Amino acid sequence: MKFGVVVFPGSNCDRDMVYALRDGLGCPTRLIWHQETTLEDVEGVVLPGGFSYGDYLRCGAIARFSPIMTAIVEHAHQGKPVLGICNGFQVLTEVGLLPGALTRNQGLHFVCDRITLKVDNNQTSFTHLYAKDQRVTIPIAHGEGRYYADAETLAQIEDNQQVLFRYLGENPNGSLNDIAGICNSKGNVMGMMPHPERASDPILGGTDGLTLFKSLLESMNH
């Protein structure tokens, strides 16, 4: 299985993601410049963290208009996997592939820490190798990670079990319902604010994030 990692002007976690996928999983992985227009040679797409276009306007608001996004939307509509991490999550909400929005942290400060999460739904292609309610430790680094949705959308997300990860203990950014990661209704598009690629090698202090990538690879192989 071959992965593609999208690079926008301002992406800064793209090489970390390539390392996790290529060296951690052993999968062919290539960087996809945002001005490319096709995804013909990749089966899974990842939008990494960073500050696409300097986070002008809103985080992800300009990146949604990059040429590659048309191909990514089509890729998602075909039922193929798309994963957005941090800024990538913001881009996926801006382009409409995931519901809700990411807003300024409740404390108005950039937060960089290691956070405990709870696996809320382990019945998806991204989480099936985790145990239900498993506690995992994943780093975060964001200033606009507070998940928000209107009451109707939030109720729909909860009813459809689209919440995959929740913050456990102290909520670092004020996200509604402690939401840290969600998927779309079909389960093939996922976004999360924590960085699993930063918890994918023992040298980084933990491998809880690698299980997410292993789950996705196993699902793609079946």
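**View 1. Tyrosine 147 and phenylalanine 89 stack as an aromatic pair.** Tyrosine 147 is buried, with 0% relative accessibility (buried: under 20% relative accessible area, exposed: over 50%, partly exposed: in between; 1.4 Å probe, protein chains only). Phenylalanine 89 counts as buried too, at 1%. The ring centres lie 6.2 Å apart, with 15° between the planes (rings of Phe, Tyr and Trp, the last by its six-membered ring, pair if their centres lie within 6.5 Å; planes under 30 degrees apart are stacked, over 60 edge-to-face, the rest tilted). Phenylalanine 89 belongs to helix H3 and tyrosine 147 to strand E8 (residues 146–148), so the pair ties together parts 58 residues apart in sequence (helices, H or I, at least four residues, and strands, E, at least two, are DSSP runs numbered from the N terminus).

The model is predicted: local features need pLDDT of at least 70, side-chain atom pairs count only at pLDDT 80 or more, and totals for chains, interfaces and linings use all residues. Residues are numbered from 1 along each chain as its sequence is written, and side-chain values use heavy atoms, leaving out hydrogens and water.

**View 2. Tyrosine 130 and phenylalanine 165 form an edge-to-face pair.** Their centres are 5.7 Å apart and their planes stand at 90°. Tyrosine 130 sits in the loop between strand E6 (111–119) and E7, phenylalanine 165 in strand E9 (residues 163–167). Tyrosine 130 is buried at 4% relative accessibility. Phenylalanine 165 is buried at 1%.

**View 3. Cys86, His195 and Glu197 carry the UniProt annotation "active site".** The entry is unreviewed, and such annotations may be inferred rather than shown by experiment. The residues spread over 112 residues of sequence but cluster in space, with a largest C-alpha distance of 11.1 Å. Cysteine 86 occupies the loop between E4 and helix H3 (87–94). Histidine 195 is in the loop between E11 and helix H5 (210–221). Both are buried: cysteine 86 at 5%, histidine 195 at 1%. Contacts of cysteine 86 include Gly49, Met192 and His195 (contact: heavy atoms within 4.5 Å). Histidine 195 touches, among others, Cys13, Gly49 and Ile138.

**View 4. Nine strands make an open sheet with mixed pairing.** The order is E2-E1-E3-E4-E11-E10-E9-E6-E7 (two strands pair if DSSP finds at least two bridges between them). Strand E2 (29–33) and strand E7 (135–142) are the edges. Strand E3 (residues 44–47) and strand E4 (residues 82–85) pair in the parallel sense over 3 bridges. Valine 46 stands opposite leucine 83 in E4.

Methods: Lists of a residue's contacts leave out its neighbours within four places in sequence.
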